[in-house]
Amino acid sequence: PPSASQTPELPAAKATTTNHEPPRIALTGGIACGKSLAAKMLNDLGIETLDADDIVHELLPDPAERRRIAAEVFADPAKRRTLERRLHPQVRARLFAWLDAPRAASAPPRVAVVPLLYEAGWEGNFDLVGCVASARETQLERMTARRGYSREEALARVAAQLPVEEKSRRADFVIRNDGTVDDLRADVSAFAETIREFHTRGEK
């Protein structure tokens with residue numbers, strides 16, 4: 001998949017097989033890779049986003065309950081799958097209703113931020129996918145230094161998702177976040193340009 005240092009080719013094959021109008025576009029990535037910051041940068045560039053995690057927070061509004069559930073499900077894969085079967089259909093319905101809502105041709109593009117896009121098996125429902133990626137050790141450092149996890153907790157959360165390298169391989173566009181904020185902003189700007197080109201092509 002191309003990154004900002006390369007000239008991306010728009011994924012024509014996926015566009016003809018999914019054929020959504022307007023196109024469905026997603027942003028995914030690994031835990032602690034900077035998806036939320038990348039989404040904020042997209043907003044600053046005039047692109048609307050809706051984060052699946054925000055929908056989950058609406059479905060589970062009590063922060064204490066979310067922390068308790070997270071501690072349980074990351075320690076027990078069976079409980080995690082049960083929770084996902086409960087939440088994913090509601091999250092999916094909200095995301096797709098938002099993406100597919102009729103709007104004017106001049107309206108800004110919309111991007112769904114879906115951390116578990118590949119794990120949930122939803123990638124076939126999108127026409128263009130960007131992935132925010134960081135080195136595994138960088139993920140662990142951010143989780144321990146910024147989020148207060150122990151290294152064991154951080155390792156468990158990273159292990160609960162597909163490796164970032166696999167997500168990057170399957171994405172149409174890769175946004176690297178191992179450097180400075182300006183480096184990330186440059187990659188996000190390049191992805192935004194790809195989104196606009198893809199969105200314009202989908203309107204023709």
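Figure 1. When neighbours within four places in sequence are left aside, Gln-161 is in contact, meaning heavy atoms within 4.5 Å, with Gly-29, Gly-30, Ile-31, Leu-116, Glu-119 and Lys-167.

Leu-162 lies in the loop between helix H7 (151-159) and helix H8 (164-170), and its 27% relative accessibility makes Leu-162 partly exposed. Leaving aside neighbours within four places in sequence, Leu-162 is in contact with Tyr-118, Glu-119, Lys-167 and Arg-170. Leu-162 and Leu-117 are 45 residues apart in sequence, and their C-alpha atoms are 10.0 Å apart in space.

**Figure 2. Packing of helices H3 and H5.** Helix H3 (residues 52-59) packs against helix H5 (residues 77-100) at an angle of about 120°, with the axes 10 Å apart; axes are lines fitted to C-alpha atoms, for helices over the stretch in contact, and angles run from 0 to 180 degrees between N-to-C directions. H3 is therefore oblique to H5, because angles under 35 degrees count as roughly parallel, over 145 as roughly antiparallel, 65 to 115 as roughly perpendicular and the rest as oblique. The crossing of H3 and H5 is right-handed (a crossing is left-handed if the near helix is turned anticlockwise from the far one by less than a right angle, and right-handed if clockwise). On the H3 side the contact is made by Ala-52, Ile-55, Val-56, Glu-58 and Leu-59, and on the H5 side by Leu-87, Gln-90, Val-91, Arg-94 and Leu-95.

**Figure 3. Packing of helices H6 and H7.** The axes of helix H6 (residues 136-145) and H7 cross at roughly 130° and come within 9 Å, which means that H6 is oblique to H7. The crossing of H6 and H7 is right-handed. In H6, Arg-136, Glu-137, Gln-139, Leu-140, Met-143 and Thr-144 meet Arg-151, Ala-154, Leu-155, Arg-157 and Val-158 of H7.

**Figure 4. Cys-33 and Cys-131.** The structure holds zero disulfides, a disulfide being a pair of cysteine sulfur atoms within 2.5 Å. Cys-33 is in no disulfide, and the nearest cysteine sulfur to it, that of Cys-131, is 7.1 Å away. Cys-33 counts as buried at 0% relative accessibility, and Cys-131 likewise counts as buried at 0%.

**Notes to the figures.** Residues are numbered from 1 along each chain as its sequence is written, and side-chain values use heavy atoms, with hydrogens and water left out. Because the model is predicted, local features need pLDDT of at least 70 and side-chain atom pairs count only at pLDDT 80 or more, whereas totals for chains, interfaces and linings use all residues.

Terms used: Buried < 20%, exposed > 50% of the residue type's maximum accessible area, 1.4 Å probe, protein only. Helix = DSSP H or I, 4+ residues; strand = E, 2+ residues; numbered from the N terminus.
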